[in-house]
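Let's walk through this structure together, one step at a time. Have the sequence and the 3D view open as you read.

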Amino acid sequence: MRALTYRGPHRVRVGDKPEPRIEHPRDAIVRVTRAAICGSDLHLLHGLVPDTRVGSTFGHEFAGVIEEVGPEVAGLKPGDRVVVPFNIACGDCFFCRRGLTASCERTNPNSSLGSGCFGYSHMTGGYEGAHAQYVRVPFADVGPMKIPDDMDDESVLFLGDIFPTGYQAAEMGEIKEGETVVVFGAGPVGLFAAKSCWLLGAGRVIVVDRYDYRLRMARDWAGAETVDYEEVDDIVSYLQEMCGGGRGPDVCIDAVGCEASGSALHTFLGKLKIEAGQPTALEWCIHTVRKAGNVSIVGVYGPPWNLVPIGTAMNKGLTLRMNQCNVKRYMGYLLEQIRAGRVDPRGIISHRLSLEEAPRAYHLFENKEDDCMKCVLLPEAA
Ligand code: NAD
Ligand code: ZN
Ligand code: ZN
């Protein structure tokens, strides 16, 4: 089959690979019809995720058709259309029973951090990803959700990652009716977080980034107010002034993660690997949010240390919540939100490209070229 493979930092290419096979009775093989590129894939591309091996295939946000199922996969059969959570979860361990599939303790036993994931380095189990024509789905009786006949693949594709991630970001913010939320990052995750804030009753949503076209999307698609952090002197005091005349917003969401820009100091320390990337957006969240407010982190950080102002957070009495998304627990509810017309995820897709063009898609997304918001690969188109 054809698949994208990692060749080392900043290099991916498409080549031939053996087709995956059923290795366990609970596996399924999925023929990929749509696979998106996620901001998390950029951390892999940049060589920032430990144990990302040359030859591995990325891709953890995908929909497709069941080709084959192992003998213990009840409820799925060849021909079923499915969307698959990025977490690989057993469905039955201590964490899975509590809905915490991102913490499944069986699918990535070498790590004490989190569950297995598709296409996300050997740190998350070394599973192959879906930027390929076919992908093996372990525990296929647990994760995949059937796509209703009346819905197309692109409407539900982002239920495998960024829509639940954005929703969980808003949920961890513990937004109360009418509260004001600032979302840092107008990438796909930030946009879904902003949209989800409205679903959870926010009274005001402000999105911060530095790309005009992304801020425009935050206004047009997510109905948010926007601020370009490069256009203001001091983003923290600017936002505090905007919210409660200096008090600050009730909730801040970090939808940026470890590759943030905006601080020369963090960029310097991050490049030297004195800290794990640059936690600039997180620092801004902690300083901006009002006293006793909530900071919700879904932007990804690596395991080593970061210089975050924990003393400020402590003295302000903040609640900090964070996680990889427990995708499965939100899929059914968010599917209903899409069906009810409250959110149309297709609106953020800026590029549709064949699998052969995947390296170009990564390039466009990474460099924010051609107003790139979200790339969807079509592995069926040669
Ligand atoms: P993206 O790279 O498209 O978007 C990030 C945006 O943040 C960019 O538009 C960038 O300009 C902006 N940005 C950079 N520095 C900033 C700053 N200091 N303040 C405000 N904005 C800033 O990526 P994405 O797909 O939207 O993903 C965002 C983050 O979410 C990534 O770290 C990704 O790994 C993470 N993620 C987490 C989960 C999870 O389960 N927790 C799931 C999916 C993605
Ligand atoms: Zn992702
Ligand atoms: Zn489990």
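A crossing of two helices is called left-handed if the near helix is turned anticlockwise from the far one by less than a right angle, and right-handed if clockwise. Helices here are DSSP runs of H or I with at least four residues, strands are runs of E with at least two, and both are numbered from the N terminus. With that in hand, α3 passes α4 in a right-handed crossing.

Before going on, note that this is a predicted model, in which local features need pLDDT of at least 70, side-chain atom pairs count only at pLDDT 80 or more, and totals for chains, interfaces and linings use all residues. Residues are numbered from 1 along each chain as its sequence is written, while chains are lettered from A and ligands numbered from 1 in the order in which they are written.

Back to our pair of helices. The axes of α3 and α4 come within 7 Å and cross at roughly 55°; axes are lines fitted to C-alpha atoms, for helices over the stretch in contact, and angles run from 0 to 180 degrees between N-to-C directions. Angles under 35 degrees count as roughly parallel, over 145 as roughly antiparallel, 65 to 115 as roughly perpendicular and the rest as oblique, so α3 and α4 are oblique to each other. Residues are in contact if their C-beta atoms, placed from the backbone, lie within 7 Å. Among the residues that meet are I162 and F163 in α3, and P188 and V189 in α4.

A second pair to find is α6 (residues 235-242) and α8, which pack at an angle of about 40° with their axes 9 Å apart. These two are therefore oblique to each other as well, and α6 passes α8 in a right-handed crossing. Here I235, V236, L239 and Q240 in α6 meet W284, H287 and T288 in α8.

Now zoom out. The domain assignment of the chain, automatic or from a database, gives domain 1 (2-160 + 328-378) and domain 2 (162-322). Their centres, taken over C-alpha atoms, are 26 Å apart. Domain 1 brings 24 residues to the contact and domain 2 brings 22.

Finally, what surrounds ligand 1? There are 34 residues around ligand 1, and the closest are G39, S40, G185, G187 and G257; a residue is near a molecule if its C-beta atom, placed from the backbone, lies within 6 Å of it. Helix α1 gives the most to this shell, with four residues. Each of domain 1 and domain 2 supplies at least three residues to the shell.

Technical notes:
Two residues are in contact if their C-beta atoms, placed from the backbone, lie within 7 Å.
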